Amino acid sequence: MAKVKMSKKSTKIDMTAMCDVAFLLLSFFVMTSTAKVPEPLPVDAPASTRETKLPETDLVTITVGDGKVFFGMVGQDVRADALGRIAEKYKLTFTEEETKRFSLIDGFGVPAGSLKGLIALKSDERNKEGVQSSIPYDSIDNQLREWILAARYATKDLHQKELKVAIKGDAKEEYPTIKKVIDILQDQKINKFFLVTGLRTEDF
Amino acid sequence: MAELNTGGGDSKGKKVRSKKQDAGVDLTAMVDLAFLLITFFMLTTSLSKPQSMNLAMPDKTPEDQPPVELTISEDRTLTILLGEKNKMVWYYGLAKEPIEGPTVVGYGKNGIRKELLSKIKSVVAKYQGNSEKGLIVLVKASKKSTYRNLVDILDEIAITKVPTYALVDITPEEKAMLEKEELLTK
């Protein structure tokens with residue numbers, strides 16, 4: 001009887017195609033993605049079913065969480081210009097170097113007096129918990145209002161556009177804090193804003 | 001693999017033959033690396049922009065001016081009071097003598113959404129064909145309600161397509177209503 005011979009096949013697989021696919025995906029991800037920016041005040045945004053996209057330009061984000069309020073602007077030119085206006089208002093002076101460093105900061109939450117110290121810090125130290133307290137937003141020292149105003153003027157001057165405002169609140173934040181922020185905006189006749197939310201289905 | 005043929009002296013007469021090498025390269029390590037990088041990029045990047053919700057508030061009337069009086073029929077207004085413990089109280093009509101309610105209800109499709117849908121229908125039936133006279137929902141958030149509650153109720157309003165809604169300050173009367181239902185502690 002003839003033995004059934006097992007054909008000996010090579011265990012090697014041709015990896016070329018797989019390699020091609022892997023690199024294709026890799027280049028796709030490298031090109032389409034923007035790196036996650038560490039936030040100075042991480043918040044857990046509540047979910048909603050609405051899918052309005054947040055605009056990318058001429059936007060300020062007011063982050064509210066834990067009773068603290070942080071402020072973030074989009075665009076380096078707007079940041080630099082707004083800082084100039086704040087400096088004028090609070091009689092501060094910033095060097096060119098400091099203005100440049102400030103324009104690279106995405107979001108911050110310190111009183112105007114401590115801005116110099118914040119700018120001097122390294123970016124990883126800046127985002128540590130407890131380093132940034134909050135922007136004062138009570139009626140005695142309403143710096144949030146000044147910042148919004150400065151950002152509005154800056155956007156209007158540089159881009160000839162109306163500034164859009166997004167509120168990013170922590171889900172557990174109590175309503176009075178949010179109300180205060182909304183009131184500050186309404187005092188400047190900003191009646192339309194975006195609430196940053198997560199996504200969910202209607203079935204909840 | 002990588003040999004250097006020095007062509008030493010002992011094989012003088014023979015022709016120097018170049019070795020036939022296998023043209024295939026082992027790509028396994030390269031694929032490994034590529035997938036590692038893919039995973040890294042997938043995890044560290046945020047592909048999608050954050051979602052958002054529009055909120056338009058009415059103009060504030062300056063304090064030195066008298067508030068604009070609007071007369072609206074009481075059977076068109078539904079008031080929702082947001083309390084703590086993720087619950088709310090709603091009533092239909094006036095606060096002093098509600099036509100329906102006040103009733104405690106939760107969020108979600110089995111809670112306030114049912115009420116909203118039924119009220120929208122009944123108001124439409126009452127004012128047949130008059131598309132300008134739809135339901136008006138007043139949302140009044142108490143001090144103890146959270147931002148999540150606010151977004152949830154605005155979302156509910158968006159889902160049920162309430163024609164008119166507004167975010168209004170709570171009155172002492174309504175606070176008492178919430179306190180009675182134990183949804184507002186001081």
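Predicted model: local features only at pLDDT ≥ 70, side-chain atom pairs only at ≥ 80, totals over all residues.
Chain B contains 4 helices and 6 strands, and its elements follow the order α-β-β-β-β-α-β-α-β-α when read from the N terminus. Of the 186 residues in chain B, 25% are buried.

An open sheet in chain B is formed by 5 strands arranged in the order E4-E3-E2-E5-E6, with mixed pairing. Strand E4 (98-106) and strand E6 (164-168) of chain B stand at its edges, and each has a single partner strand, so that one side of each is left without a neighbour in the sheet. On average, and with direction ignored, neighbouring strands of this sheet are turned by 20° against each other. Within the sheet, strand E2 (residues 77-82) of chain B runs parallel to strand E5 (residues 136-141) of chain B, the two being joined by 6 bridges; in this pairing, the bridge partner of Thr77(B) in E5(B) is Ile136(B). Helix H4 (residues 172-180) of chain B lies across E2, strand E3 (87-93), E4 and E5 of chain B, and runs at about 60° to E2(B).

In chain A, strand E3 (residues 59-65) and strand E4 (residues 68-73) pair in the antiparallel sense over 6 bridges, with Thr61(A) standing opposite Gly72(A) in E4(A). E3(A) and E4(A) form a hairpin with 2 residues between them, and Asp66(A), which lies in the turn, has a positive phi of about 60°. E4(A) also pairs in the antiparallel sense with strand E5 (residues 107-108) of chain A, over 2 bridges, and here Phe108(A) in E5(A) is the bridge partner of Phe71(A). E4(A) is mostly covered, as 5 of its 6 residues are buried.

Helical packing in chain A is illustrated by helix H2 (residues 76-89) and helix H6 (residues 143-159), which pack at an angle of about 130° with their axes 8 Å apart. At this angle, H2(A) and H6(A) are therefore oblique to each other, and H2(A) passes H6(A) in a right-handed crossing. The residues that make the contact include Asp77(A), Val78(A), Ala82(A) and Ile86(A) of H2(A), together with Trp147(A), Ala150(A), Ala154(A) and Leu158(A) of H6(A). By class, the contact of H2(A) with H6(A) has 9 nonpolar, 1 polar and 6 charged residues.

Between the chains, 47 residues of chain A are in contact with 41 residues of chain B. On the side of chain A that touches chain B, two or more residues are given by each of helix H1 (16-32), strand E2 (52-53), strand E6 (164-169), helix H7 (175-187) and strand E7 (192-199) of chain A. The largest share of this side, 10 residues, comes from H1(A). The residues of the side of chain A that touches chain B divide into 24 nonpolar, 12 polar and 11 charged. In E1(B), Gln51(B) stands opposite Thr197(A).

Key. Residues numbered from 1 in each chain as written. Chains lettered and ligands numbered in written order. Contact = placed C-beta atoms within 7 Å. Nonpolar A, V, L, I, M, F, W, Y, C, P; charged D, E, K, R; others polar. Pairing = 2+ DSSP bridges. Axes fitted to C-alpha atoms, helices over the stretch in contact; angles between N-to-C directions. Parallel < 35°, antiparallel > 145°, perpendicular 65-115°, else oblique. Left-handed = near helix turned anticlockwise from the far one by under 90°. Buried ≥ 20, exposed ≤ 12 C-beta atoms within 10 Å, placed from the backbone.
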